[in-house]
Amino acid sequence: EMQHERAQEEIRANRILLGLEKETSNTNQGEIYQDTFLEELEDEYGFHTAIDDAELYVTKPNERNESDNDSTSNLMDNNEYLNLMTSLNQKQHKYLLNMLSLIKENKQCLHFITGGAGTGKSVLIRSIYQTLARYYSKHDKHERDKKNYKRIIIAAFTGMAAFNVNAVTLHCAFHLPLQGDLKPLSENKLKEVRETYKRLKFIIIDEISLVSASRLFDINNRLQQIFNNELSFGGLSVLLVGDFKQLQPVNDNWIFQNRKNNVYAQILNEKVNSLWLEFKYFELTEIMRQRNDIEFADLLNTLGFDGLIALNNRQVQLLDSRIVNDTSKIPKETVFLFHSNKSVGEFNNTRLDSLPGELITSVAKDEPKGKDKEKASRFMIHLPNIDLKKSVLPYIVRLKLSAKYMVVMNINVTDGIVNG
């Protein structure tokens, strides 16, 4: 009974903090009393979710105007949005209010949010997106435009990371090359991109640890070209989110270091990326995962900060409990990681042979296209002999209906058909 009463108190406190209900017993006490009352509610119940702006609560989906833009089409309904806001902790809430205040003042935000495992970085991204989408849909004077303009972009380096936060890849969003130096967009392509991003205001980049210093400069240069603006990132607000205790860029420097082969930095003996210095730092520290995940999250954070030597006996036992000497006892749906492509190939062939069903062999059929058809035709003769260890496009693929396959290229990020 006491738990039920407490739950009812929390619900009412939350509704008051969100401005959905008023404190009726002291309505004549004035604004100072009301502010104090709200602060006491937050201290007592731990809610830090009062984004006191009725305009952030939108009409029902079937009441929206046909001119809704890309941002509003992905809006949660009011109840979902309220639940999302009430799940934020104090630091998440304070950052969101701070960021929203800067946006309302039409100031550029260049921010970096970090935090260990389970501190709610993805939840904060969703909260920021939903709040900004609501704000822009209400305050953008171009809202009645018939075209589907983007106002907010969420992007990530890999297709898997992008899919996890309902985003696009950096290469797709900013037309970046997979390899080599960045080249200016052609006149026709630039015109097309400028039309698409005509109303773009805010960019969120997740899993920032994988983004190199060179790639950050590429994004900056591309946005400057698109918006014809020499301000950093073309004057747009950019939020970077990630944890540097996770994977670092492949064959490149960390985003906060100087670019490789940067002659000017070498002459001046600069160690820090000048573009990175423009970002303000915010850190999330409270683990927000459910209780059964907190122990593992603590382990990961300890491992990231201080290494194996800092683990306590309980944490070591938890890791040791995952060691299996007999691979036949591992569930068949488990994904295995190997240190070499050769080991991957041997394991895949063994597992495929052990599965029931008819084996189908698919042989690639290649057709040369483009200006160098003759040169391509001569090269195609050698395709069957290409070392598969150096190619992501095998000439022969063995298939069974009962097998699971992992793609190694991004095909459709929206549908989750991505690398990994």
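Helices here are DSSP runs of H or I with at least four residues, numbered from the N terminus. With that in hand, welcome to a few close-ups of this predicted model.

**View 1. Helix 5 gives the most to the lining of the second largest pocket.** Its share is five residues. Helix 5 (121-139) is joined by strand 2 (152-156), helix 6 (159-164), helix 7 (170-174) and helix 8 (187-196), each supplying at least two residues of the lining.

**View 2. The second largest pocket holds about 660 Å³ of space.** A total of 29 residues line this pocket, and those closest to its centre are Asn-74, Ile-154, Asn-166, Ala-167 and Val-168.

**View 3. Helix 4 covers residues 90-104.** From the first C-alpha to the last, its 15 residues reach 21 Å, close to the 21 Å expected at 1.5 Å a residue. Buried along helix 4 are Gln-92, His-93, Tyr-95, Leu-96, Met-99, Leu-100 and Ile-103. Seen down the helix axis, these buried residues fall within an arc of 165°, so they line one face of helix 4.

Definitions and conventions:
Residues are numbered from 1 along each chain as its sequence is written. This is a predicted model: local features need pLDDT of at least 70, side-chain atom pairs count only at pLDDT 80 or more; totals for chains, interfaces and linings use all residues. Side-chain values use heavy atoms; hydrogens and water are left out. On a 1 Å grid over the protein atoms alone, a cavity is a set of points where a 1.4 Å probe fits but cannot get out, and a pocket is an open set with protein on both sides within 12 Å along at least five of seven lines; lining residues have an atom within 4 Å of a point. Grid points are joined across faces, edges and corners, and a volume is the space filled by probe spheres set on the points. The expected span of a helix is 1.5 Å times one less than its number of residues. Buried means under 20% relative accessible area, exposed over 50%, partly exposed in between (1.4 Å probe, protein chains only). The arc is that of the directions from the helix axis to the C-beta atoms.
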